[in-house]
Amino acid sequence: MADQYVWGWILGSLLALGALFTMTVRKRKRDGISGRSEFVKSVSAVNGKCRSDNGDVDVIIVGAGVAGAALAHTLGKDGRRVHVIERDLTEPDRIVGELLQPGGYLKLIELGLEDCVEKIDAQRVYGYGLFKDGKHTHLSYPLENFDSNVSGWSFHNGRFIQRMREKATSLPNVLLEQGTVTTLLEEKGTVKGVQYKTKDGKELTAFAPLTIVCDGCFSNLRRSLCNPQVDVPSCFVGLVLENCELPYINHGHVILADPSPILVYPISSTEVRCLVDVPGQKVPSIASGEMASYLKTVVAPQVPPEIYASFVAAVEKGNIRTMPNRSMPAAPYPTPGALLMGDAFNMRHPLTGGGMTVALSDIVVLRDLLRPLHDLNDAPTLCRYLESFYTLRKPVASTINTLAGALYKVFCASPDQARKEMRQACFDYLSLGGAFSNGPVSLLSGLNPRPLSLVLHFFAVAVYGVGRLLLPFPSPKRLWIGARLISGASGIIFPIIKAEGVRQMFFPATVPAYYRAPPVK
């Protein structure tokens with residue numbers, strides 16, 4: 001009798017959980033639909049005919065940042081008629097998007113855009129210097145098997161984007177226009193184009209078989225095409241250092257400071273960018289002088305002595321800027337006639353400088369998928385075919401995304417003893433050199449973005465940390481800290497992997513969309 005009650009209780013619990021899950025899924029779908037309606041408008045309400053005010057085009061691209069400009073050039077070079085609509089065509093002035101990893105540069109070469117790093121005083125980057133508690137180690141990119149021209153590059157983000165826009169508009173079939181896209185135009189569930197406001201305030205419409213939204217991290221249109229779960233773990237405080245002699249020339253520098261890392265790298269022959277990470281969404285006030293005081297009293301004593309004078313001078317000069325660091329896993333709604341790209345689609349913490357590498361890699365994947373297609377007008381069939389894009393991009397994008405999130409958490413200071421040990425173990429592991437540094441750096445640089453390699457190295461660091469604790473003689477306290485270190489490492493990486501998608505990340509070949517063939521007409 002007791003067994004019957006137990007089984008009845010278990011069955012009832014399972015049924016209740018199933019009902020709760022169904023209700024949650026339905027609510028999310030309703031929320032997604034209501035979120036979409038704000039930036040989606042019926043075509044018939046705007047224009048009776050699906051004809052663009054600027055003539056027929058194959059692809060509309062919203063945004064001309066790194067992703068949008070590179071995509072416009074790539075599709076234009078393949079013979080597509082492209083209409084790019086960008087909110088502001090003046091040179092951007094940002095404090096991120098200034099470091100292109102070697103893996104990203106290889107994608108730039110593949111897209112025929114490698115000359116965009118020329119004539120902008122860009123600086124080659126050959127690796128990193130890692131600093132902690134007065135000690136430092138040198139980490140070189142493993143470039144032995146690549147041509148001598150392959151390296152990382154650092155530059156002013158705005159100069160790089162302007163070069164890419166120039167390349168795109170050099171093609172006669174690419175139109176770049178200044179305007180603000182307000183809504184996507186939809187007919188029977190298919191995106192047909194966009195409504196936008198020109199520089200002089202006119203409201204126009206543009207139509208194309210495919211609309212690609214690349215309007216950046218502050219995207220207003222992403223809610224129409226995905227379920228955005230944006231996290232803001234920290235903010236960057238940006239400075240430009242002048243007359244600064246870096247400890248390692250032509251290298252990035254990562255300082256494991258308290259409470260969180262500091263990045264330093266050259267952006268021209270005379271300027272060095274310094275990014276101070278401040279955890280949380282609230283930063284000290286710049287206007288009141290609280291920020292300058294924080295940088296001088298808390299941050300300055302932790303930077304290497306070679307940088308100290310330039311750092312303090314930059315703080316006193318007062319050109320201090322801030323930017324929130326966002327991360328957002330890709331969670332698209334497959335939508336006929338539309339696609340998301342770049343930071344509008346997927347973001348990760350900028351600590352590892354992987355954003356442009358992911359965007360350029362995505363463009364290569366999309367280009368290869370679209371190349372066999374001569375006609376993009378069958379939106380439902382095209383949408384089904386392009387579902388493979390989300391799977392094919394995953395191994396590279398998820399490796400870089402996961403590494404960025406995990407490394408940021410490891411590099412942040414913590415009062416917890418197990419987290420302290422993990423942080424120290426990471427520094428010591430990388431300091432071993434050889435395969436111990438080449439493996440992680442090849443992941444960081446985008447030269448070997450393999451998910452399994454990432455997980456193996458991450459837990460190798462954790463096991464190395466436990467080994468340090470247990471030698472020469474283990475004790476109950478050390479065993480307990482070691483167990484918590486392994487548990488903490490799992491708690492860092494597994495939630496990130498779960499958000500990225502275990503199956504698509506590690507077993508993409510088991511996803512049916514992986515094998516989608518181009519539609520045949």
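Phe458 is buried, with a relative accessible area of 10%. Buried here means under 20%, exposed means over 50%, and partly exposed lies in between, with a 1.4 Å probe and protein chains only. Phe459 is also buried, at 18%.

Before I go on: this is a predicted model, where local features need pLDDT of at least 70, side-chain atom pairs count only at pLDDT 80 or more, and totals for chains, interfaces and linings use all residues. Residues are numbered from 1 along each chain as its sequence is written, and side-chain values use heavy atoms, leaving out hydrogens and water.

Back to the rings. A pair of aromatic rings is described by the distance of the centres and the angle of the planes. Rings of Phe, Tyr and Trp (its six-membered ring) pair if their centres lie within 6.5 Å; planes under 30 degrees apart are stacked, over 60 edge-to-face, and the rest tilted. Phe458 and Phe459 have ring centres 5.7 Å apart and planes at 85°, so the pair is edge-to-face. Phe506 and Phe507 form a tilted pair, with 6.5 Å between centres and 50° between planes. Phe506 is partly exposed at 23%, and Phe507 is partly exposed at 48%. Phe345, Phe389 and Tyr390 form one aromatic cluster.

Next, the surface. Leu392, Tyr514 and Tyr515 make a nonpolar patch of about 290 Å². Patches take residues with over 30% relative accessible area and no salt bridge, joining like charges within 9 Å and nonpolar side chains (Val, Leu, Ile, Met, Phe, Trp, Tyr) within 5 Å. A salt bridge is a side-chain nitrogen of Lys or Arg within 4 Å of a carboxyl oxygen of Asp or Glu. Tyr515 counts as exposed because its relative accessibility is 55%. Tyr515 sits in the segment after helix H14 (502-506). Helices (H or I, at least four residues) and strands (E, at least two) are DSSP runs, numbered from the N terminus.

Last, a sheet. What is the strand order of the open sheet of seven strands? The order is E7-E6-E14-E15-E16-E13-E17, with mixed pairing. Two strands pair if DSSP finds at least two bridges between them. Strand E7 (135-140) and strand E17 (321-327) are the edge strands, each pairing on one side only. From one strand to the next, the twist averages 20°. Inside this order, strand E6 (residues 127-132) and strand E14 (residues 252-255) run parallel and are joined by four bridges. Leu130 stands opposite Val254 in E14.

Definitions and conventions:
Accessible areas come from the Shrake-Rupley method with a 1.4 Å probe; for residues, only the protein chains shown count as cover. Axes are lines fitted to C-alpha atoms, for helices over the stretch in contact, and angles run from 0 to 180 degrees between N-to-C directions.
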